[in-house]
Amino acid sequence: MKRIRVIPVLLIHNRGLVKSVKFKDYKYVGDPINAVRIFNEKEVDELAILDIDASAENRVPDIERIEEIVSEAFMPIAYGGGITTTDQAKKILSAGVEKLILNRSAVKNPVLVSEIAKQFGSQSVVVSIDYKRNLFGRQGVYIENGKTNSGLDPLAFAKLMEEAGAGEIMLNSIERDGSFSGYDLEMIEKISHSINIPTIAVGGAASLSDFKEAVQHGASAVSAGSMFVFQRPHRAVLISYPSQQELETQVYEGL
Amino acid sequence: MITIVNYGVGNLASIKNMLKKAGFESELATETGAIEKASKIILPGIGAFDHCMSEFNKSGLRETVTKKVLEDKTPLLGICVGLQMLMENSEEGVEPGLGWIAGKTIKFKKDKLGDLKIPHMGWTNVHIAKDTALIRNLGEQPRFYFVHSYYVQPDDPSDQMLTAHYGYEFTAAVNRENIFGAQFHPEKSHKYGMKILENFGRL
């Protein structure tokens with residue numbers, strides 16, 4: 001049986017856990033440590049934790065806080081937010097984190113991707129490609145929580161990052177963030193078929209069948225935020241994660 | 001005391017955290033004195049094989065760890081590249097391995113993987129090839145978190161303890177006398193990994 005990694009993404013804002021819609025409208029969801037504890041009990045495959053304030057505030061990663069959060073985590077953890085040097089990378093990895101997620105740094109300083117890959121291995125570098133259409137309808141890579149257009153094309157950038165040494169691409173559709181409208185399958189297919197490293201689909205997941213579709217279109221792993229912290233239709237906070245049986249029968253089966 | 005060899009490589013905090021959850025205190029050893037006192041030894045490793053070997057060689061700990069393992073028969077658990085270091089050599093590099101287990105480390109064969117990507121990254125079920133105290137009571141369908149492009153191939157099939165499937169069957173864990181090695185990360189594998197570290201603590 002082929003297992004697919006199903007990864008909750010947790011956003012940290014003002015020390016609390018939040019969830020966005022289209023990278024805006026942040027809603028408070030709870031305490032990050034408590035959330036990690038719950039996800040731990042639910043035996044999640046992996047967790048991605050993003051400090052969305054760090055880059056915006058030009059702040060370095062809060063190592064102590066990261067350490068505090070991950071000491072409750074007995075699954076692989078990926079952390080992103082404000083990473084600009086290999087020294088920070090080293091400290092974060094020693095704190096108990098497996099992977100570093102780069103976004104702004106990957107765009108502004110691709111050498112950092114190579115340096116981290118060289119020192120700690122490609123498996124420790126994930127590049128998050130946050131993308132949306134610009135005013136002219138062209139897909140572009142955005143940084144700084146989706147606010148700044150980098151001028152880069154998602155596919156060209158993905159290839160560049162693979163060359164630089166990234167171990168995985170987190171492909172994050174800004175337009176579908178928090179929308180429960182399903183993944184951007186077209187982009188997932190386009191990117192995953194053009195690179196040799198895993199593509200993690202992010203943005204829009206609403207159901208287990210969305211996961212399966214993403215994988216059928218080339219994603220190696222799937223990720224979701226709202227689906228795991230909200231209960232629809234009113235976005236009431238409820239942390240959830242599919243059971244092994246649900247994953248086996250509704251996602252892995254037939255892949 | 002469970003002693004984690006700290007030669008500057010690997011996610012030591014996670015191993016220590018998981019051991020604590022399993023009910024065991026551990027210490028990170030950078031000096032031979034701490035290794036001497038060890039009742040169990042964990043050899044971590046992550047990243048490039050040559051980097052791990054050369055850092056371990058430079059650490060000044062190799063001789064003491066070797067004496068403890070080969071002469072005193074102190075139980076040792078190698079994790080990830082720490083397992084690969086137990087073999088004679090690796091296709092990934094030129095540095096010789098420790099050679100405590102006969103065999104080599106080889107790369108996943110791309111032509112046998114279909115559309116599966118390298119590295120093998122994620123959760124995979126394991127199957128018991130040889131029952132040992134380390135893998136007792138793992139529960140039903142035990143699964144572990146793997147991240148690797150290379151895997152070990154022991155010369156003696158009876159050194160194989162667990163196997164897993166990624167495109168084809170490969171060795172997921174080994175055992176020879178007091179020496180154990182896991183390709184996966186027990187420290188990041190929920191209750192399954194905790195059980196292994198608990199079993200290790202009780203050896």
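Two residues are in contact if their C-beta atoms, placed from the backbone, lie within 7 Å. This is a predicted model, in which local features need pLDDT of at least 70 and side-chain atom pairs count only at pLDDT 80 or more, while totals for chains, interfaces and linings use all residues. Residues are numbered from 1 along each chain as its sequence is written, and chains are lettered from A and ligands numbered from 1 in the order in which they are written.

**View 1. B:Met161 and the residues it touches.** Start at strand E10 (residues 160-166) of chain B, where B:Met161 sits; strands (E, at least two residues) and helices (H or I, at least four) are DSSP runs, numbered from the N terminus. Leaving aside residues up to four places away in sequence, B:Met161 touches B:Ala129, B:Lys130, B:Thr132, B:Ile135, B:Ala173, B:Val174 and B:Asn175. B:Thr132 is 29 residues from B:Met161 in sequence, yet their C-alpha atoms are 7.5 Å apart. B:Met161 counts as buried because it has 23 C-beta neighbours inside 10 Å (the cut-off is 20 or more other C-beta atoms within 10 Å, with C-beta atoms placed from the backbone).

**View 2. Helix H6 of chain B and its packing.** Follow H6 along residues 190-202. Its buried residues include B:Tyr192, B:Ile196, B:Leu197 and B:Phe200. The buried residues of H6(B) pack against helix H1 (12-21) and strands E3 (40-43), E4 (76-79), E8 (143-148) and E12 (179-182) of chain B.

**View 3. Where chain B meets chain A.** Here 21 residues of chain B are in contact with 21 residues of chain A. On the chain B side, H1, strand E7 (120-128), E8 and H6 each give two or more residues.

Methods
A residue is buried if 20 or more other C-beta atoms lie within 10 Å of its own, exposed if 12 or fewer, and partly exposed in between; C-beta atoms are placed from the backbone. The expected span of a helix is 1.5 Å times one less than its number of residues.
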